[in-house]
Amino acid sequence: ADGYYEWRQSDKQPFAIALANRGPMTLAGLWDEWRSPAGEPIKSFAIVTTTANALLAPVHDRMPVVIAPDRWGDWLGENSLPQHGVENLLRPYADNAMAFWAVDRRVGNVKNDSPDLFAPLPSQQ
């Protein structure tokens, strides 16, 4: 992902959150396929979250688990890890490697879909 949005709990101000270098951000996810009571296959997906790092804590108390490129094989099961090795992946990403900025409140409406929604508010540029 290029980043994600989070809303500050106190005033519902939306923020864009990205890597400081604006590179791709890989979020830890889990998926499963199961059968509904009617027997239909259901595919489901969840993004794994953890406690917010020091940078993002003023915005929200949690954040997605971000997997660094050199750890992708660990998360995807390509490398054999002990349990504590997997648990180490579930920690907050380094705050000095991330950035955030306030964005227009239009991001809160699913009818709005344009690249400018990820841009900083004019007062922050």
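A nonpolar core is a set of buried Ala, Val, Leu, Ile, Met, Phe, Trp, Tyr and Cys residues joined through side-chain atoms within 4.5 Å. In this predicted model, the largest such core has eleven residues, namely Tyr4, Ile17, Leu19, Met25, Ala52, Leu56, Met63, Val66, Ala68, Tyr93 and Met98. The briefing below takes up the cores, then the open sheet, the aromatic pairs, and several individual residues with their surroundings.

**Nonpolar cores**

- In soluble globular proteins, nonpolar side chains tend to be buried together.
- Tyr4, one of the eleven residues of the largest core, touches Phe15, Ala16, Ile17, Met25, Leu56, Met63, Pro64 and Phe118 when residues up to four places away in sequence are not counted.

- Three strands form an open sheet in the order 1-2-7, and their pairing is antiparallel.
- Strand 1 and strand 7 each have a single partner strand and stand at the edges, so one side of each is left without a neighbour in the sheet.
- From one strand to the next, the twist averages 30°.
- Four bridges join strand 1 and strand 2 in the antiparallel sense, and Trp7 stands opposite Pro14, a residue of strand 2.
- Glu6 belongs to strand 1 and is buried, because its relative accessible area of 10% falls under the 20% limit.
- Beyond its neighbours within four places in sequence, Glu6 is in contact with Gln13, Pro14, Phe15, Ile17, Val59, His60 and Arg62.

**Aromatic pairs**

- Four aromatic pairs are found when the whole structure is searched.
- In one of these, the ring centres of Tyr5 and Trp7 are 6.3 Å apart and the planes meet at 55°, so the pair is tilted.
- Trp101 and Phe118 form an edge-to-face pair, with 5.3 Å from centre to centre and 80° between the planes.
- Trp101 is in strand 7 (residues 98-102) whereas Phe118 is in the segment after strand 7, so this pair ties together parts that are 17 residues apart in sequence.
- Trp101 counts as buried at 9% relative accessibility, while Phe118, with a relative accessible area of 24%, is partly exposed.
- Tyr5, Trp7, Trp101 and Phe118 are linked by ring pairs into a cluster.

**Gln13, between strand 1 and strand 2**

- Gln13 is placed in the loop between strand 1 (4-7) and strand 2, and at 9% relative accessibility this loop residue counts as buried.
- The side chains of Gln13 and Arg105 are joined by a polar contact of 3.3 Å.
- Apart from neighbours within four places in sequence, Gln13 is in contact with Glu6, Trp7, Arg8, Ala102, Val103, Arg105 and Leu121.

**Ala20, between strand 2 and strand 3**

- Ala20 has its place in the loop between strand 2 (14-19) and strand 3 (29-35), where a relative accessible area of 38% makes this residue partly exposed.
- Although Ala20 and Asp95 are 75 residues apart in sequence, their C-alpha atoms are 9.1 Å apart in space.
- When neighbours within four places in sequence are left aside, the contacts of Ala20 are with Asn96, Ala97, Met98 and Ala99, and of these Met98 is also listed in the largest nonpolar core.

**Leu89, in helix 2**

- Leu89 is part of helix 2 (residues 83-89) and counts as buried, with a relative accessibility of 6%.
- Leu89 and Thr26, which are 63 residues apart in sequence, have a C-alpha to C-alpha distance of 12 Å in space.
- Not counting residues up to four places away in sequence, Leu89 touches Val65, Ile67, Arg71, Asp74, Trp75 and Leu81.

Notes:
Residues are numbered from 1 along each chain as its sequence is written. This is a predicted model: local features need pLDDT of at least 70, side-chain atom pairs count only at pLDDT 80 or more; totals for chains, interfaces and linings use all residues. Side-chain values use heavy atoms; hydrogens and water are left out. Helices (H or I, at least four residues) and strands (E, at least two) are DSSP runs, numbered from the N terminus. Buried means under 20% relative accessible area, exposed over 50%, partly exposed in between (1.4 Å probe, protein chains only). Contact means heavy atoms within 4.5 Å. Rings of Phe, Tyr and Trp (its six-membered ring) pair if their centres lie within 6.5 Å; planes under 30 degrees apart count as stacked, over 60 as edge-to-face and the rest as tilted. A polar contact is a pair of N or O atoms within 3.5 Å; within protein, one must be able to donate a hydrogen and the other to accept it, and residues adjacent in sequence count only if both atoms are side-chain atoms. Two strands pair if DSSP finds at least two bridges between them. Axes are lines fitted to C-alpha atoms, for helices over the stretch in contact, and angles run from 0 to 180 degrees between N-to-C directions.
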